[in-house]
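This briefing goes through one protein chain by topic. Keep the sequence and the 3D view open while reading.

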Amino acid sequence: MDISLLFTVLFAVLILSVLFNSRATAIEELEYSAEEGEKMDFSVLRKAVEEVESVDGHCHNIVAFDSNSVQGFIQAFTVGAFGDAEAFAFAQQSLSFKRSLRDIAKLYGTGLSLESVEEYRRVSGIQSITSTCFKAARFSAILMDDGIDMMDKVYDIEWHKTFAPFVGRILRTERVAEKILEQVRYLHTFTFNMHIPLLVKFSGFRFLSIIVTVANEIYALKSIAAYYGGLEINLNVAKTDAEEDLRQLLNAGKPLFLLNYKSLVSYIFLQSLEVSLSYDLPMQIHTGFGDKLLDLRKSNPLHFRAVLEDKRYSKCRFVYLDFGLAIPKLSVHGMISAVKDLLNLAPLSKVMFSTDAYTFPETFYLGAKNSREVVFSVLRDACINGDLSLPEAVEAAKDIFARNAIRFYNISSAKVVP
Ligand SMILES: [Zn+2]
């Protein structure tokens with residue numbers, strides 16, 4: 001896990017269902033601290049973690065049941081698997097699936113099988129299950145990247161406002177760029193190879209005008225440059241190289257896809273950083289884990305060092321550690337271990353909860369529920385080890401779940417005071 005004092009951390013965490021067993025809770029909440037003989041009562045911490053209304057800094061749209069992109073509820077337990085029967089079968093053998101299915105069956109009051117849960121979902125409908133999952137998750141706000149374009153029948157941001165007190169938008173910059181480049185290709189075709197530098201200028205102008213139009217509605221930008229060749233951004237990309245990439249892209253077949261146009265990707269990324277600076281918008285950087293298109297070797301945030309050290313972007317507010325998708329897809333031990341690793345070094349003021357939930361309302365519920373359990377466990381251990389006092393742990397819980405994000409994303413105007 002890569003951490004640095006410069007970054008702000010997104011995370012989502014998992015389940016420790018045994019802690020919700022009342023017998024276990026009584027044992028767990030009264031522990032000896034590192035100082036011999038001193039007993040600590042963790043019920044205050046438990047209450048703080050349970051009661052804080054969380055701000056989810058990274059999630060995606062819910063999708064209709066009859067979307068062609070959805071092939072059954074089992075997809076909620078895979079990452080990027082589509083039409084892959086083998087992956088669906090293996091997913092059901094994971095610790096995460098077995099644990100999560102129990103949680104969902106308990107939430108819905110159904111039998112403990114995928115079929116029972118699927119039947120409940122069918123009978124209840126998307127509105128009802130979303131309402132149930134969001135109520136149980138207890139968000140005060142969610143920030144949604146609505147730029148995943150490979151799915152159909154996606155509910156828009158407005159739709160989600162029925163279920164969460166506050167829904168803010170995160171703008172995926174490469175998606176904006178691709179939309180503009182579709183227009184550019186149209187122009188290119190009908191102007192018989194219009195001068196490429198002119199098209200680059202037009203693209204830049206459109207990019208800025210779109211950002212200006214939505215600047216007041218968005219809370220962060222997000223880059224998925226990691227998907228398009230990795231995080232080794234060329235900080236000195238020549239405009240002529242970007243133009244050459246554009247020329248090739250416009251002459252390539254459909255659909256328009258930025259992968260393999262590295263100079264153009266770097267150029268768009270640097271333009272995005274300029275926008276991020278101009279509007280003081282945080283920039284989320286996708287770094288790891290994802291579908292098959294992502295090369296994990298190239299999406300390691302270590303490649304991002306040059307950007308972080310470039311003086312031109314020293315004022316940019318980056319979020320570039322994201323293991324939201326890894327959670328709740330690891331074991332309980334894995335999740336606790338990951339969050340402990342984070343807190344080994346990262347300032348408490350920079351660690352933020354997120355779910356990276358997508359498509360299925362249950363992924364919001366699982367992310368939120370498990371986060372509360374794991375954060376409680378990690379902060380409790382920090383007290384036992386002597387890293388934190390109990391009052392400090394209570395403050396840390398409020399920061400991690402809500403206050404850090406409210407401050408960082410500047411969403412204080414919303415009614416999301418923890
Ligand atoms: Zn995501």
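Which residues in H4 meet which residues in H5? On the H4 side they are Leu101, Ile104, Ala105 and Tyr108, and on the H5 side they are Leu114, Ser116, Val117 and Tyr120. The model is a predicted one.

**The whole chain**

- The protein has 15 helices and ten strands as its secondary structure.
- Of its 418 residues, 41% are buried.
- Among contacts with a separation of 6 or more, 78% are between residues 24 or more positions apart.

**Helices H4 and H5**

- A pair of packed helices is described by two values, the angle between the axes and the distance between them.
- Helix H4 covers residues 95-108 and helix H5 covers residues 114-124.
- Their axes come within 10 Å and cross at roughly 40°.
- H4 is therefore oblique to H5, since angles under 35 degrees count as roughly parallel and 65 to 115 as roughly perpendicular.
- The crossing of these two helices, H4 and H5, is left-handed.
- Sorted by class, the contact of H4 with H5 has seven nonpolar residues, one polar residue and no charged residues.

**Helices H2 and H15**

- Helix H2 (residues 43-51) packs against H15 with the axes 9 Å apart and an angle of about 10°.
- That angle makes H2 roughly parallel to H15, because angles under 35 degrees count as roughly parallel.
- H2 contributes Val44, Leu45, Ala48 and Val49 to the contact, while H15 contributes Leu390, Ala393, Val394, Ala397 and Lys398.
- The contact of H2 with H15 has eight nonpolar residues, no polar residues and one charged residue.

**Two sides of helix H13**

- The buried residues in helix H13 (residues 332-345) are Val332, Met335, Ile336, Ala338, Val339, Leu342 and Leu343.
- These residues lie on the same side of H13 because they cover an arc of only 160° around the axis.
- An α-helix has 3.6 residues a turn, so residues three or four places apart point the same way.
- The exposed residues His333, Asn344 and Leu345 are on the other side of H13.

- Arginine 138 is in the loop between helix H6 (126-137) and strand S5 (139-145).
- The phi of arginine 138 is near 60°, a positive value in a residue other than glycine.
- Is arginine 138 buried, exposed or partly exposed? Arginine 138 counts as partly exposed because it has 17 other C-beta atoms within 10 Å, and a buried residue needs 20 or more.
- Asparagine 260 is in the loop between helix H10 (239-251) and helix H11 (262-278).
- Asparagine 260 is not a glycine either, but has a positive phi of about 80°.
- With 13 other C-beta atoms within 10 Å, asparagine 260 is partly exposed, because exposed residues have 12 or fewer.

**Asparagine 410**

- Where is asparagine 410 found? Asparagine 410 is in the segment after helix H15 (390-408).
- Asparagine 410 is 129 residues from leucine 281 in sequence, and the two are 8.9 Å apart in space, C-alpha to C-alpha.
- Asparagine 410 has 16 other C-beta atoms within 10 Å, so this residue is partly exposed.

Terms used:
Residues numbered from 1 in each chain as written. Predicted model: local features only at pLDDT ≥ 70, side-chain atom pairs only at ≥ 80, totals over all residues. Helix = DSSP H or I, 4+ residues; strand = E, 2+ residues; numbered from the N terminus. Axes fitted to C-alpha atoms, helices over the stretch in contact; angles between N-to-C directions. Parallel < 35°, antiparallel > 145°, perpendicular 65-115°, else oblique. Left-handed = near helix turned anticlockwise from the far one by under 90°. Contact = placed C-beta atoms within 7 Å. Nonpolar A, V, L, I, M, F, W, Y, C, P; charged D, E, K, R; others polar. Arc of directions from axis to C-beta.
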